[in-house]
Amino acid sequence: MADVQKHLWLITVLQYLTKKDKPFLWVDTHAGRGLYDLQSDEAQKIKEYESGILRFYDDLINANDLPAPLAFYREKIADLNKSKDQLTIYPGSAYLAAKILRPTDKLYAFDLHKGEYPYLEKTLKNYIHSTTRFEDGFKGLKSIIPPKTIKRGGVLIDPSYEIKDEYANTAQAVINAYTKWPQGIYMIWYPILDKAFHFDLTEPLKALNLPDENFTIDEWHFGDVKKGMKGTGMVILNPPYGTSEAMFKMKIIYMKKYRKLMAQ
Ligand SMILES: C[S@@+](CC[C@H](N)C(=O)[O-])C[C@H]1O[C@@H](n2cnc3c(N)ncnc32)[C@H](O)[C@@H]1O
């Protein structure tokens with residue numbers, strides 16, 4: 001569920017950027033593996049995908065007239081899985097970006113986990129527009145921006161938020177990056193928990209006082225969840241024209257399906 005919102009935003013913004021021929025730069029500061037094996041021990045333990053991608057996909061497989069980002073998402077899942085009855089692989093942010101970027105665009109993907117990074121390297125090794133680095137994502141971002149040759153583009157920031165300080169630290173890293181590259185698109189994902197730690201992220205970013213058209217907060221609330229994540233959010237600085245509205249439409253489509261499934 002958490003991934004659906006994040007990945008739809010990613011696809012929507014990247015598809016928008018490909019409308020112009022001019023190359024663009026994309027940075028994934030916390031890229032993860034790129035591809036996830038749903039049968040792995042970790043995935044089986046968390047089973048997060050059950051309320052997200054799997055049920056979502058089942059319900060959408062026969063839907064007609066999907067908005068382009070949803071159709072793309074469905075298509076990529078279908079490409080990765082031989083049988084639609086048993087999904088075993090699902091795409092992560094770096095893989096989706098690699099699929100959308102053109103050879104002239106540039107993708108940088110970072111991960112700082114010894115267990116994750118080799119998978120990321122493997123996922124992206126055949127994409128000539130991609131560079132992976134085993135490095136802290138914020139340090140890596142700082143070294144790339146402002147971009148020298150390819151001037152337009154943006155960043156997906158998707159930390160694990162394992163410690164409370166990570167919310168405030170992420171806000172500060174975004175503010176630092178925005179100061180260096182104010183033209184960039186910044187998309188920051190966060191979980192909505194009981195304790196509402198995410199205000200440490202969203203409040204400093206709101207305090208940037210950007211005009212409405214340059215600042216979006218999108219939150220998807222799961223409803224009556226007693227424990228764990230209550231919903232997910234994204235802050236977007238400089239959302240491309242029309243993308244917030246496009247996402248709102250997809251949120252309605254998805255939330256309707258999600259509520260129906262949860263009521264069963
Ligand atoms: C939520 S996961 C990323 C999921 C991925 N963006 C996706 O949508 O498929 C967060 C990732 O951040 C990585 N990570 C943690 N601390 C990091 C750091 N300081 N710099 C870069 N990556 C980090 C973790 O190893 C993990 O793979």
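Predicted model: local features only at pLDDT ≥ 70, side-chain atom pairs only at ≥ 80, totals over all residues.
User: What order do the strands of the open sheet have?
Analyst: The order is E5-E4-E1-E6-E7-E9-E8. That makes seven strands, with mixed pairing.

User: Which strands stand at the edges?
Analyst: Strand E5 (130–133) and strand E8 (215–221). Each has a single partner strand, so one side of each has no neighbour in the sheet. From one strand to the next, the twist averages 15°.

User: And E7 with E9, parallel or antiparallel?
Analyst: Antiparallel, with seven bridges joining E7 (residues 185–192) to E9 (residues 231–237). Tyr190 sits opposite Gly233 in E9.

User: Switching topic. How many salt bridges in the whole structure?
Analyst: The search finds 11.

User: What does Asp105 pair with?
Analyst: Arg102, with the closest N and O atoms 2.8 Å apart.

User: Is Asp105 buried or exposed?
Analyst: Buried, because its relative accessible area is 3%, and the cut-off for buried is under 20%.

User: Which parts does the Asp200 and Lys164 pair tie together?
Analyst: Their side chains meet at 3.0 Å, N to O. Asp200 lies in helix H9 (residues 199–206), and Lys164 in the loop between strand E6 (153–157) and helix H8 (165–180), so the pair links parts 36 residues apart in sequence. Asp200 is partly exposed at 28% relative accessible area. Lys164 is partly exposed too, at 44%.

User: Where do Glu203 and Lys206 lie?
Analyst: Both are in helix H9, three residues apart, about one turn of the helix. Glu203 is partly exposed at 39%, and Lys206 is partly exposed at 40%.

User: Which residues do shared partners join into one network?
Analyst: Asp3, Lys6 and Asp158.

How values were computed. Residues numbered from 1 in each chain as written. Heavy atoms only, no water. Pairing = 2+ DSSP bridges. Helix = DSSP H or I, 4+ residues; strand = E, 2+ residues; numbered from the N terminus. Axes fitted to C-alpha atoms, helices over the stretch in contact; angles between N-to-C directions. Salt bridge = Lys/Arg side-chain N within 4 Å of Asp/Glu carboxyl O. Buried < 20%, exposed > 50% of the residue type's maximum accessible area, 1.4 Å probe, protein only.
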